[in-house]
Amino acid sequence: MRRAILFLPLVLVFLAGRALAGDTIKIGAVLSVTGPASFLGEPEKNTISMLQEAINARGGLLGKKLEVVFYDDETDVNKAVLAAEKLLKRDEVVAAMGGTTSGNTLAIMGKFAAAGIPLVSLASAEKITSPADPFVFKVAPSDRHAVQKILDHARAKGYKKLAIVTVSDGFGQAGREALKELIAAGGFELAADEVYGPKDTDMTAQLTKIKELPHDAVICWGTNPGPAVIARNRVQIGLTTPMYMSHGVASKKFIELAGEAAEGLLLPAGQLIVAGQLPDGQPQKKLLLDYTRQYQEKFGGQVSTFGGHGYDSLSLIARAIETAGSDKPQAIRDALEKITAYPGVGGVFTMSPADHNGLSARDFVMVAIEKGDWKIVAE
Amino acid sequence: MFGGLLQYVISGLTVGSAYGLTALGFTMIFNTTGVINFAQGEFVMLGGMMSVMLHQAGLNLPAAVILAVAAATAVGAAVERLAIRPVRRATAINLVIVTIGVSICLRGLAMLAWGKDTLRLPNFSGAAPLPVFGASLMPQSLWVLGVTLLILLGLRLFFSRSIHGKGMLACAYQRKAAYLVGISVERMAMLSFALSAATGAVGGAILAPLTMTSYDVGVMLGLKGFAAAVLGGLGNPFGAAAGGLILGVLESLGAGYVSSAYKDALAFIILLVLLFVKPSGLFGRKSAERV
C-alpha cells in the first residue's frame, strides 16, 4: 500500500502530461549550450526561450500553448544524437531546431528525415541543405553567399589578384573551398593561398609572404581571435592592400581585440549589427531593433548573429504552423517550403523545394570598420 | 626579398622567445625533481591572464604585471606543495600525470573565473612598428627579446653565484648526495616550481600585448615549449632557450618559404630528425653523464 502511494504522484504527472498534450504544441531543440560552441548555443537558447514566451503571451499557436523541449548536447556529437532520439521517441515533437554546429546537424538530420519530422538547423554548412532533404531546413547563411558578397565588392573596385589566408578548422576550410571555387569562377586570380592554425598567435610569416607577391586585396577567413591577430600583424608589417574579413568576425569583440588595426577593414555581415543604419523602409529594420532591445533588456550583453539564428528557426516554424493551420509534421514541412519574403533576423527568407535555406548574397551587407564601429559601405 | 627573410626571422625570434621561456621552466623543474611539468603552459597563461585582469581592475601596467608574476609564482609553489609533494614517492610517470591533472584544473579554474573570451593587454611602449632594413619590428618584440635575455642572464647568475642556485644544481646532479650534504631537496623542488612559474608568467605577460591571451593559450605553448626543451637537450637551461628560438625561427621560415599549412608539422619533423641523429638534443649532455 505504502509503495502504491509513492507511485501515485508519478501516475498523476503522467496523466497530467496526457491531458495537456492535447492543447500544447511541442517543438524540440538540440543546442550546444555548453562546451566549445557555447558562444553560439547560449545566445541561441536565450533567444528561443524569449521568443517562446512572447508567442505564448500573445495566445500561442492555433490557440495552443507552445512548448519548446530543450536539450543541451554540450557540443558533443554523441549527445546530440541521443537528444535527437529522445525528442523523436519520448517527447514526440512535431518539429525541431538544431544542431548548433554543422557537425552535430549532419549527425542528427538523417534521424529527423527518416521519422518525417521537419528539422530547422542553426548551422551554416552547405551540405545540410544541398542537396535539399525534404525535411531538413537551415537558417544560417551559407559561406558561398558571403564570399559572393566580397567578390562583388572586389569586382566593383577593379581588384584582379586576390590573396586568401584561412584558418585550418572546419569554418576556415569550408570558406577556403568556397573562395577557391568562386575566385576561379569569377575570373579573378588567386595570388596566394595561406593557412594558419586556430591557436596560432603570430601570422606575420603568412602576411609577409603575401606582401612579397603581387596582389590587389587580401581575404581572411576565420573566427576570433585569429583574424584579430592578422589585422594587427597586417598593420605591423605595413601591408597596405585592402583586407576583407569573413562574416565570422561580425561582432564587437573583434573590433575590441584588433583595436586600431581594425580601422578600414571590410566584411560582409548580417543586417543585425547595422540595424540602426538601415533605411526606414527595410523590411527587417523594426524586427532587428526590437530584437536587440528585448535581448539586451532580458539578458544584457551584445546581441549576436547566432542568437538571430535561434530567433529565425523558431519564428519560421511558428509561421509555418500558422499558415498551415495545422500542427502535423507533414503540414509544417509543406508550409516551411512555401515561406516567401518572410523577414527574419538573418535575412528575408524565401524557401523553395530546391532551396531550403532561403537566403542569398543580398542578405549580407558590406560593412567597413570606422572609428571602432560598423559602417554600411555604399554599393 | 631580404626584407622578407628578416621579417620571418624577427617574428620567429619573438614567438621563439615564448617557446624558450616555457622550455626554460620545463628544464628547471626537470633538473631538480626529474618531473616533466605539463602545467608549465598554464603558468604562462596565468601570467598573461592575471596581468590583463589586474590591469582592467585599474592597476597601472607595470604594477599589474609585477603582481601577476608574483601571484603566478605563488601558484607555482602551491602546486608543488599541494599536488607534487604529497605523492613525491610515486614514480616519475605518475608525477607527470599529476601535472597534466594540475594543468586541466588550472585551465578550468581560469575559464570559470575569467571567462572564455580572448583578451589583450596594451603595448608596453607604443604600437608604432619600427622599420629595420625593409622589415618592421614592434617595440613589444624588443621588450620580449630584451626581457628573455635578462631572465637568462639572471638565471645564469643565480645558478652560478647564489647558494640556492647551487643547491638546485646539486639536486640535479645527485639527489641523494644533495640530501647528505644537508640540502633540503624538498625546498629546492618548491623553489624550482616557483621559479619556473615566475619565468613562465613573465613570458605570458610580455607576450600578451602581441599575441593576446585566453584561458587556453597554455595548451599550445606547453607543447611547443616541451618540444623546444627536447630540441635544446632536456636538462640544459640555455639549450632550452636556444631550442625555443630555433623552433620559432624554423616555424616562421617554414611558413614563409614552404607552406603555412604545414608550419607546425615542419617544426616537429625537424625535431624528429634531430632526435634520430642526436638523441640528447642539440646542447644536451651525453646521457651517460646523468646517471
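**Note on the predicted model: chain contact, core and a strand pair**

1. In this predicted model, 25 residues of chain A are in contact with 23 residues of chain B. On the chain B side, two elements give two or more residues each: helix 1 (2–33) and helix 10 (237–258). Helix 1 of chain B gives the most, with six residues.

2. What classes of residue make up the side of chain B that touches chain A? There are 10 polar, nine nonpolar and four charged residues.

3. Next, the core. The largest nonpolar core holds 194 residues. The members that touch the most others are I27(A), V30(A), A96(A), I219(A), I317(A), A72(B) and A201(B). Helix 8 (residues 185–211) of chain B supplies the largest share of this core, 16 residues. Chain A contributes from two domains: domain 1 (25–140 + 288–357) and domain 2 (144–269) each give at least three residues. In soluble globular proteins, nonpolar side chains tend to be buried together.

4. Take A96(A) as one of these core members. Leaving out residues up to four places away in sequence, A96(A) touches I27(A), G28(A), A29(A) and V30(A), and also L87(A), F112(A), I117(A) and L119(A). Of these, I27(A) and V30(A) are also listed among the core residues that touch the most other members.

5. Is strand 10 (residues 266–269) of chain A covered on one face or both? Both faces are covered. L266(A) and P268(A) are buried on one side, L267(A) and A269(A) on the other.

6. Strand 10 of chain A runs antiparallel to strand 13 (residues 365–370) of chain A, and four bridges join the two. L266(A) has A368(A) as its bridge partner in strand 13 of chain A.

Conventions. Residues are numbered from 1 along each chain as its sequence is written. Chains are lettered from A and ligands numbered from 1 in the order in which they are written. This is a predicted model: local features need pLDDT of at least 70, side-chain atom pairs count only at pLDDT 80 or more; totals for chains, interfaces and linings use all residues. A nonpolar core is a set of buried Ala, Val, Leu, Ile, Met, Phe, Trp, Tyr and Cys residues joined through C-beta atoms within 7 Å. A residue is buried if 20 or more other C-beta atoms lie within 10 Å of its own, exposed if 12 or fewer, and partly exposed in between; C-beta atoms are placed from the backbone. Domain bounds come from an automatic or database domain assignment. Two residues are in contact if their C-beta atoms, placed from the backbone, lie within 7 Å. Ala, Val, Leu, Ile, Met, Phe, Trp, Tyr, Cys and Pro count as nonpolar, Asp, Glu, Lys and Arg as charged, and the others, Gly among them, as polar. Two strands pair if DSSP finds at least two bridges between them.
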